Each structure stands twice: as structure tokens, then as C-alpha cells.
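Subject: Structure handover

Hello,

I am passing on a structure for you to look at.

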Amino acid sequence: MDAGQRLLEAVWLVRPPAALTVRAAPVECVKALAVAARPSQQRLHLRNLFAEGRRYYLQPVENGFRLTCNSKIPWRRGRTTIAAILLGSFSDAGDGATRINLRARMRLVFFLDIFFVPSFVTSLLVFAPWPGWLILLLALALYGLSWAWHRLTAALQAEEMLFFVQKALEDLSPYHTPALNAATPERVTPEFREEWDKFYRKRKNNDTV
């Protein structure tokens, strides 16, 4: 990865990539996400996902999905801007499991909004009777603060969506406990045997009192 690509990802991506492994087919994963994205009284265990009027918008794509979200604005009617996009891609993890690779980036329209206000203010600053170095410093500060605010907003949305995906798919456990059958040899760990002996001696002492 060259320096230009690293710089682009540092500006464009809002959190490190993540991965989740579930024991389900990609179609089942998308279906579970679509069901969880709809608030319902039958899924009260997911009610925290919809705090502050949050809503999730799922778009299936080839071998993956796109997820966005927004929430209500408390002081007026309307909803917040969609700032981030969570991209999920499926890959085979073997043994009937699916690996979901998750990457979050800024939405393009939201990313371009970084430059609007600083550019307008800078166009006014160039006519101010100030030294050039001060105007340049103020302009860089404006762009830096605007980028930081936009990135933080997008990162918060990305974390909310990542939490949503984890909660929506938590029942699709990647772990499988093999069933015992008659051919399975009996195994007792030393720790279990020691605790059982303690329990047995304690009960025996109580019965003799």
C-alpha cells in the first residue's frame, strides 16, 4: 500500500476494519439484518438499537450489503444527516460458517460538505488586512476543525451500525458444541473431580452431624 492510498484511507475510512464470523449462510445473515432493522414489540431485546429514534437502512449488494442509519433531531422535526456507510462483504469461513468483513467510510456527499463552510470563510479572509501567514493558518484551522467534526460524526454512526450488526446476528453463533453420543468416551477433568470430592465430603459431614 503506497502513501497516497494510506492517506486516502485515513481521510475516507472512519474506523479500522472489523470482522464477524457467524454460523449461517449469507442469505440468512441479510434476512436477519433486514428483520432486526424493523422495530417490533416482538423484539424488545433490540429496543436499545432504536434509541433517539434511530433507523437503519439496509441495501443488499452482490456478495454483501450496505448499511446506513440516522436518528431524530430532538429540537425540530427532521432527521440527522446520513454521515457514514457500513460496507459488509461475505466470505466462506469453512465448516458452514460465514465471515463478514466490515468497513466503514464517510458518505461521499457528507465528505464533500467538509470543504463548503471553510472555503466560503476563506474566500472572505483573503480580503482581510492581515498577514498572509495568519490567513493561511486560520484557513488550515477551519479545514482541520471541519474535517474533525465530520469524521467524528461519521465515526459515531459507524459504531452504532457495527453494534447493530453484532446484536442482530448474535443468535447466529459461530461456535458449535459437539453432541455427546454413546461412542463418546467419558472424560472428567481433574478440576471437576476435585470439586466433586469437596462437595461430597461436605455433604457427608452434614449428614453425620
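Helix α2 (residues 26-36) and helix α5 (residues 132-168) have axes that come within 9 Å and cross at roughly 110 degrees. Axes are lines fitted to C-alpha atoms, for helices over the stretch in contact, with angles from 0 to 180 degrees between N-to-C directions. Helices are DSSP runs (H or I, at least four residues) numbered from the N terminus. α2 and α5 are therefore roughly perpendicular (65 to 115 degrees). On the α2 side the contact (heavy atoms within 4.5 Å) is made by Ala32, Leu33 and Ala36, and on the α5 side by Phe164, Val165 and Ala168. These residues divide into six nonpolar, no polar and no charged.

This is a predicted model: local features need pLDDT of at least 70 and side-chain atom pairs count only at pLDDT 80 or more, while totals for chains, interfaces and linings use all residues. Residues are numbered from 1 along each chain as its sequence is written, and side-chain values use heavy atoms, leaving out hydrogens and water.

Helix α4 (residues 116-125) also packs with α5, at an angle of about 170 degrees and with the axes 9 Å apart. α4 and α5 are therefore roughly antiparallel (over 145 degrees). Pro118, Ser119, Val121, Thr122 and Leu125 of α4 meet α5 residues including Ile135, Leu138 and Tyr143.

Regards

Technical notes. Helix = DSSP H or I, 4+ residues; strand = E, 2+ residues; numbered from the N terminus. Parallel < 35°, antiparallel > 145°, perpendicular 65-115°, else oblique. Nonpolar A, V, L, I, M, F, W, Y, C, P; charged D, E, K, R; others polar.
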